[in-house]
Amino acid sequence: GGGAASGEQRQRVLDECVRWFEASGGTLDGVALRADAGGAAAGNGLVATRDIDADELVVAVPRKLMMTARDARRDERLGAFIEETPAVQGIVFVQLALFLLTERAKLGESRWAAYIRALPTRFSTPLHWSGDELLTLRGSSVCFELVSLYKRVCQYYCLLYHKFLDEKDALLAAPWFTFARWLWASSVVWTRQNRVPVGKNDTLTECLIPVWDMCNHEHGHVSTFMAKDAKRCECQAMRKFAKGEQFTIFYGPRPNAQLLLYSGFVYDKNEHDAVAVHFELTPAHENYAAKKAVLDATGAGVKPNENFALRAATIEPRLLAFLRVLTLSADELSSPPRPLTSLAAVSSTITLRNESMALALFEQSVRELLAMFPAVANGDAARATAAAAATGNAELGRRFVAAEKAILNATLAQVLALQKAVKQKLKKKQQQQRKKQRDGDGGAAAPSAAEK
């Protein structure tokens with residue numbers, strides 16, 4: 001949702017946006033745009049003005065009202081700049097952010113002026129947090145991506161500012177192009193962009209969808225579609241909504257890391273929440289070529305350099321398969337108990353030795369992720385935490401970290417349970433082998449790797 005001001009002034013801006021929206025062919029049926037519809041945290045949103053049935057068409061946005069990257073390339077001024085700047089020709093988020101800024105600079109002359117005035121000027125995404133607030137995220141999986149995101153913002157700002165130094169068009173001149181404005185435009189695009197088909201070939205392109213993008217998130221199912229014949233985006237109610245209730249949509253199956261970084265909130269009890277974990281098979285690994293050949297043979301698209309998702313309820317089969325391949329011994333590679341030529345072949349136990357090694361590596365990796373979180377804040381960290389404690393952003397950070405720790409601890413519990421089962425099987429196997437030796441059945445021959 002987002003929000004720029006408060007009270008009656010903010011509502012007047014939203015009302016003006018709705019009047020423009022409906023006068024331009026947009027449809028709002030049974031809902032109204034309200035400031036702070038979702039409370040102070042969620043900001044603006046849509047509220048049901050009557051009872052709404054599930055699957056009822058509520059919001060429709062004509063293609064002509066959307067701001068797209070293609071519009072940026074077709075703009076008389078900006079299009080020429082993009083054409084002359086190879087570094088931004090393939091970066092659609094940059095094109096869309098620049099287009100938004102140039103339209104904003106036109107003040108009332110832009111046909112999107114009412115929509116742009118209704119856009120938020122403050123954001124709860126970590127890009128806008130204070131240093132003290134960011135400390136609440138220490139050790140979490142979002143830190144690296146957050147730094148990369150901020151780096152991208154700065155890199156493109158420096159690149160564009162340098163280009164604008166020689167620009168004679170006042171609309172694209174360097175003094176107008178401040179970092180604060182660029183950060184605002186980048187944040188609008190990252191928090192609101194969607195992809196829609198445009199043109200004769202229905203090429204997907206990033207866009208901003210006015211008014212519909214004021215809807216806040218709730219778990220459910222995707223209920224917004226592009227009606228090609230009508231050339232408009234149509235949003236149906238994903239469930240029944242009572243009069244006075246906030247009308248929400250489902251943003252898609254996104255983990256809290258993505259919701260926090262790109263939408264500025266954390267969804268409690270997120271069924272799609274996950275923690276990203278990275279594993280690599282590199283030439284430095286023993287028997288690299290043979291292990292890579294096994295990965296390639298599975299046909300499951302598992303790459304030697306792979307990101308996997310850890311979830312509280314289940315362990316991804318592809319992750320276990322990768323770890324099994326990563327820890328295969330030379331004997332297991334040369335004489336496997338079955339051909340390792342499919343994902344199914346490595347999605348279940350290969351040998352007990354291999355399973356034990358794979359789970360040990362898994363346990364070590366999860367414990368290392370947990371160890372990255374600071375145990376107890378002290379000294380400067382304690383003072384920073386206390387200073388940020390009263391802010392909403394700090395609370396978001398604490399909730400995010402708590403959810404991430406819960407996933408990691410749940411994953412660790414699953415791994416330990418699997419290890420216990422393997423140890424029991426190994427113990428039983430050893431007991432059987434000792435019994436055979438005592439009975440003189442099987443002689444003194446050592447079991448092969450495939451039998452272990």
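Which residue in S7 is the bridge partner of Asn194? The partner is Cys207.

This is a predicted model, in which local features need pLDDT of at least 70, side-chain atom pairs count only at pLDDT 80 or more, and totals for chains, interfaces and linings use all residues. Residues are numbered from 1 along each chain as its sequence is written, and side-chain values use heavy atoms, with hydrogens and water left out.

The protein has 18 helices and 13 strands. These are DSSP runs numbered from the N terminus (helices H or I, at least four residues; strands E, at least two). Of its 452 residues, 44% count as buried (under 20% relative accessible area, 1.4 Å probe, protein chains only).

**Hairpin.** Strands S6 and S7 run antiparallel and are joined by 5 bridges. Pairing requires at least two DSSP bridges between the strands. The hairpin has 4 residues between its strands, and Gly199 takes a positive phi near 80°.

**Helix crossing.** The axes of H13 and H16 come within 8 Å and cross at roughly 115°. Axes are lines fitted to C-alpha atoms over the stretch in contact, with angles from 0 to 180 degrees between N-to-C directions. H13 is therefore roughly perpendicular to H16 (65 to 115 degrees). The contact (heavy atoms within 4.5 Å) includes Leu323 of H13 and Phe362 of H16. Its residues divide into 8 nonpolar, 1 polar and 2 charged.

| Element | Residues |
|---|---|
| Strand S6 | 194-198 |
| Strand S7 | 203-208 |
| Helix H13 | 317-326 |
| Helix H16 | 352-371 |

Definitions and conventions: Parallel < 35°, antiparallel > 145°, perpendicular 65-115°, else oblique. Nonpolar A, V, L, I, M, F, W, Y, C, P; charged D, E, K, R; others polar. Buried < 20%, exposed > 50% of the residue type's maximum accessible area, 1.4 Å probe, protein only.
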